[in-house]
Amino acid sequence: MITSLRRLGLNLIGLCLLASPWLAAESAPRPLLDSLTRVAPGLDRQVLEHALAAMQCAVSHGAEPAQRLAVIDYAQPSTARRLWIFDLKRQRLLLNDLVAHGRMSGENLATRFSNTQDSHQSSLGLFRAAESYSGKHGYSLRMDGLEPGVNDRARERAIVIHAASYVDPRLARSQGRIGRSLGCPAVRPEVARMVVDQLKGGQFIFAWYPDQDWLQGSAYLNCKTAQLASLR
């Protein structure tokens, strides 16, 4: 616990202010949380708990259930394998790999996030993966952000999952970080098709960072029924 707090740069008082799933109306299903924690020991349990709670809240308020869930922990450096994709039905880990953040979000560590056009920053929160398409980066995946003011301009900003040659562990060794995107969660070319195929058609994607404004205000993390009802 203490190690986790130091890594995130939070003190105990700050931690108490974070919006946690156990404060929300909908919490992460405990058996599923335990199973996925076992298959993904490198993923902070609190991050996974937030991801499952946000997803459960969305489903409880009318969203179609998903078969798979992708989690990005932007609190980890770009040199870490900070993308996880889970098969929720079989409770299996399908992928743990590198993922880029926006060039204006930070260097090796992402610390700034935005929903603004041309900010070249990554966005936080709960997304729904949409349709695949072929574009300038090849086979790619559009994403729809579900959180107003946080990530709901993702489609307008062309925030998509795509392959990028700069997502390369060799760059991490030579320059201390992988390359950065214009805000997209870009992945290695070797895994891009698999990522798109596993997530397209309505799977959930959850991007996390210990940003207190978002943690306290997120309609999905806190499962605010009135606020979610207004989004329909």
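Figure 1. Y74 is buried, with a relative accessible area of 2%. The cut-off for buried is under 20%, so Y74 qualifies. This view, like the others, comes from a predicted model. A search of the whole structure finds three aromatic pairs. One of them joins Y74 and F113. Y74 sits in the loop between β1 and β2, while F113 sits in the loop between β3 and β4. The two residues are 39 apart, so the pair links distant parts of the chain.

**Figure 2. F113 and Y209, a second tilted pair.** F113 has 19% relative accessibility and counts as buried. F113 also pairs with Y209. Here the centres are 5.0 Å apart, with 45 degrees between the planes. Y209 lies in the loop between β7 and α7 (212-217), and F113 in the loop between β3 and β4, so the pair ties together parts that are 96 residues apart in sequence. Is Y209 buried or exposed? Both Y209 and F113 are buried. Y74, F113 and Y209 form one aromatic cluster.

**Figure 3. Strands β1 and β2 side by side.** Strand β1 covers residues 68-73, and strand β2 covers residues 83-87. The two strands pair in the antiparallel sense over five bridges. What is the bridge partner of I72 in β2? It is L83.

Figure 4. Strands β4 and β5 form a hairpin with two residues between them. Strand β5 spans residues 138-145 and runs antiparallel to β4. How many bridges join β4 to β5? There are seven. Strand β5 also pairs with strand β6 (residues 160-161), in the antiparallel sense and over two bridges. L141 has I161 in β6 as its bridge partner.

Figure 5. R128 lies in strand β4 (residues 125-135). At 15% relative accessibility, R128 counts as buried, because the cut-off is under 20%. The backbone oxygen of G202 lies 2.4 Å from a polar atom of the R128 side chain. K200 is 72 residues from R128 along the chain, yet their C-alpha atoms are separated by 8.8 Å.

**Figure 6. The whole chain, for orientation.** The chain has 232 residues, and buried residues make up 55% of them. Its secondary structure comes to eight helices and seven strands. Take the contacts between residues at least 6 apart in sequence: 62% of these join residues at least 24 apart. The chain exposes about 10,500 Å². Carbon and sulfur atoms supply 51% of that area.

Definitions and conventions: Residues are numbered from 1 along each chain as its sequence is written. This is a predicted model: local features need pLDDT of at least 70, side-chain atom pairs count only at pLDDT 80 or more; totals for chains, interfaces and linings use all residues. Side-chain values use heavy atoms; hydrogens and water are left out. Helices (H or I, at least four residues) and strands (E, at least two) are DSSP runs, numbered from the N terminus. Buried means under 20% relative accessible area, exposed over 50%, partly exposed in between (1.4 Å probe, protein chains only). A polar contact is a pair of N or O atoms within 3.5 Å; within protein, one must be able to donate a hydrogen and the other to accept it, and residues adjacent in sequence count only if both atoms are side-chain atoms. Two strands pair if DSSP finds at least two bridges between them. Contact means heavy atoms within 4.5 Å. Accessible areas come from the Shrake-Rupley method with a 1.4 Å probe; for residues, only the protein chains shown count as cover. Rings of Phe, Tyr and Trp (its six-membered ring) pair if their centres lie within 6.5 Å; planes under 30 degrees apart count as stacked, over 60 as edge-to-face and the rest as tilted.
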